[in-house]
Amino acid sequence: MAEEAERCVGVVGAGYVGLTTAACLAHLGHRVRCADIDESKVDRLNRGEVPISEPGLPELVAGGLASGRLRFTTSAAGLRDTDVVFVCVPTPMGERGEADLRALEAVLRELGELLSPGTVLVLKSTVPVGTTARVPALTGRDDLPAVSNPEFLREGFAVRDFLEPDRIVLGGDRGLDRVESLYSALGAPVVRTDPASAELGKYACNAFLALKLSYANELAELCEQVGADVRHVTTTMGMDDRIGPAFLRPGPGWGGSCLPKDVAALRRSARDRGMRFGLLQAAEHTNTGQHERVVRKVQELLTGSPYGSPAGARIGLLGLTFKAGTDDLRDSPALAIAARLAERGAVLTGYDPAVPAAKGGAVADVHVVDDPLLVAKDAAALVVLTEWPEFRELDWAQLAELADRPAVVDTRNLLDADDLARHGFSCRGIGIPTR
Ligand SMILES: NC(=O)c1ccc[n+]([C@@H]2O[C@H](COP(=O)([O-])OP(=O)(O)OC[C@H]3O[C@@H](n4cnc5c(N)ncnc54)[C@H](O)[C@@H]3O)[C@@H](O)[C@H]2O)c1
Ligand SMILES: O=c1ccn([C@@H]2O[C@H](COP(=O)(O)OP(=O)(O)O[C@H]3O[C@H](CO)[C@@H](O)[C@H](O)[C@H]3O)[C@@H](O)[C@H]2O)c(=O)[nH]1
């Protein structure tokens, strides 16, 4: 990388966003110092061990450490001589749906005490409108330009999305050139705007994705009522350029560490300003209803069997993470559905390729195993909750033999229902004709 590209950049938070930002900026030739309060995480990272599952990230971290361009520290003081600092700490859902900004505010107060005049403070965490404008008050400094630079990466594609973004959004009035120059090698389109529009733009995207998904899930329900196939309906929709094919796959409901909390925070922001934003409320309502619809499908499969209901029935769960390609369990619909089944007395065994049994303690209500065959053993029903492609390749003949009853609810429409029927499985998908 050219010598002039080398800048000293600070990153606070070494999670999905912070670690990806730090490793990718080092890859682009910048000198990066990344701080996190989690000592064991920092130790592991300095040894080149990446604690999250993201394709390409271990290689970038190793490369950054080897070149000396990337270093991890537990102390924000390690960021003293940086010239731009990206804040990437969590902004989880608070008790009333609002974004909990305590970690972010603590970091800003700390940075206010140590940064050199002129250091640009970049908020990459997802924050409600008005947060960037509060940076001078929170740092106690008016010589630190503040820029809103929301992040749009998806888990499982973090490195790719960072290095090939659809757009880079920068909101602020000072320091924008310096931040933009860090990304110049990417050649991505840049939206320059005011901080409020940048902050709201991020929520607007996630909320729109959630609306699209709830729409697809409601359509799927109607398809079942009228005998249509939601896959054909959404193909028809997706071929319209104005709609597009993405985010139309029905499923067990939308989850993950971002969509649910961001929809709730946007709704809260609207409510605080006297606006109801009923569309968001409807999308959330549909989403919790979707968990219940899956439980109902399991119940239907058990009706007429000796079990009659989930009470006391062994139910096997295939997939626990909120989507395939990640090991993240935060706000996973699979776990919400597991909780509802457990409430009705089901005995749950679960398998997920990204969740080793050793980590199974983190999954309430579910006995996590390392072998999908164990999930099927004596099961009254199986439920596919995450769209891991390897589930298609399972030996379904053997699963049928192991199960007490060959019955499956496929919430991702992942499996080949004809193939399953050949092995004697009765199968219920979402919004598709029943086998
Ligand atoms: N995960 C995603 O896909 C994604 C994508 C876009 C935006 N975001 C947003 O980015 C932000 C971070 O999300 P994430 O998923 O990377 O979080 P994360 O939980 O994966 O990581 C956050 C990191 O910050 C550290 N941290 C917490 N408090 C700290 C402090 N006071 N000082 C230093 N470090 C601290 C934690 O130890 C952790 O390592 C959130 O606002 C989120 O909404 C997340
Ligand atoms: O057709 C689809 C697509 C997605 N999902 C579900 O929707 C949820 C969210 O998926 P995805 O958006 O891929 O997950 P994240 O990695 O959380 O990414 C979202 O949240 C991030 C954090 O804000 C943003 O940066 C990303 O742009 C945004 O896509 C998951 O439960 C998916 O299973 C479906 O059910 N059907």
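A residue counts as near a molecule if its C-beta atom, placed from the backbone, lies within 6 Å of it. I start there because the term decides who belongs to a ligand shell. One caution: this is a predicted model.

With that cut-off, 22 residues surround ligand 2. The closest are R249, G251, G256, C258 and K323. Two elements give two or more residues to this shell, helix 8, residues 195–226, and helix 10, residues 259–272. Helix 8 gives the most, with three residues. By type, the shell around ligand 2 has 11 nonpolar, five polar and six charged residues.

Now ligand 1. Its shell holds 26 residues, and the closest are G13, G15, V17, S125 and T126. Helix 1 (16–27) and helix 4 (102–112) are the elements that give two or more residues to it. The division for ligand 1 is 14 nonpolar, seven polar and five charged.

On to the domains themselves. The domain assignment gives two, 3–193 and 194–435. Taken over C-alpha atoms, the centres of domain 1 and domain 2 are separated by 32 Å. Across the boundary, 26 residues of domain 1 are in contact with 23 residues of domain 2. On the domain 1 side, the largest share comes from strand 7 (residues 168–171), with three residues. That side of domain 1 is made up of 12 nonpolar, 11 polar and three charged residues.

Next, the annotated positions. In an unreviewed entry, UniProt places the feature "binding site" at F152, L153, R154, E155, K202, F247, L248, R249, P250, G251, G255 and K323. These positions span 172 residues in sequence, and the farthest two C-alpha atoms are 23.6 Å apart, so they do not all gather at one spot.

E155 lies in the loop between strand 6 (146–148) and helix 6 (158–163). Is E155 buried or exposed? It counts as buried, because 23 C-beta neighbours are inside 10 Å and the cut-off for burial is 20 or more. Leaving out residues up to four places away in sequence, E155 touches Y16, G256, T326 and D328.

F247 has a positive phi, about 60°, although it is not a glycine. Most residues other than glycine have a negative phi. F247 is partly exposed, with 16 other C-beta atoms within 10 Å. Its contacts, again without residues up to four places away in sequence, are L209, K212 and L213.

F277 also has a positive phi, near 50°, and is not a glycine either. The loop that holds F277 runs between helix 10 and helix 11. F277 is partly exposed too, with 17 other C-beta atoms within 10 Å.

The largest nonpolar core has 75 residues, and V12, A22, A23, V85, V87, L121 and V122 have the most contacts inside it. Helix 8 gives the most to this core, with nine residues. Domain 1 and domain 2 each supply at least three residues to it. Take V87 as an example: beyond residues up to four places away in sequence, V87 touches V12, G13, L104, V107, L121, V122, L123, K124 and S125. Apart from this core lies another, of 46 residues, including I337, A346, V383 and L385.

I337 brings me to helix 12, residues 333–343, where P333, A334, L335, A336, I337, A338 and L341 are buried. These buried residues pack against helix 11 (278–302), strand 9 (314–318), strand 10 (347–351) and strand 11 (366–369). After helix 12 comes G345, with a positive phi near 95°.

Last, one more record. For "domain: UDP-glucose/GDP-mannose dehydrogenase C-terminal", an unreviewed UniProt entry lists residues 316–417. In the model that span is 24% helix and 20% strand, and its end C-alpha atoms lie 18 Å apart.

Notes: Residues numbered from 1 in each chain as written. Chains lettered and ligands numbered in written order. Predicted model: local features only at pLDDT ≥ 70, side-chain atom pairs only at ≥ 80, totals over all residues. Helix = DSSP H or I, 4+ residues; strand = E, 2+ residues; numbered from the N terminus. Nonpolar A, V, L, I, M, F, W, Y, C, P; charged D, E, K, R; others polar. Buried ≥ 20, exposed ≤ 12 C-beta atoms within 10 Å, placed from the backbone. Contact = placed C-beta atoms within 7 Å. UniProt positions renumbered as here; feature names shortened; annotations may be inferred. Domains from an automatic or database assignment. Core = buried A, V, L, I, M, F, W, Y, C linked by C-beta atoms within 7 Å.
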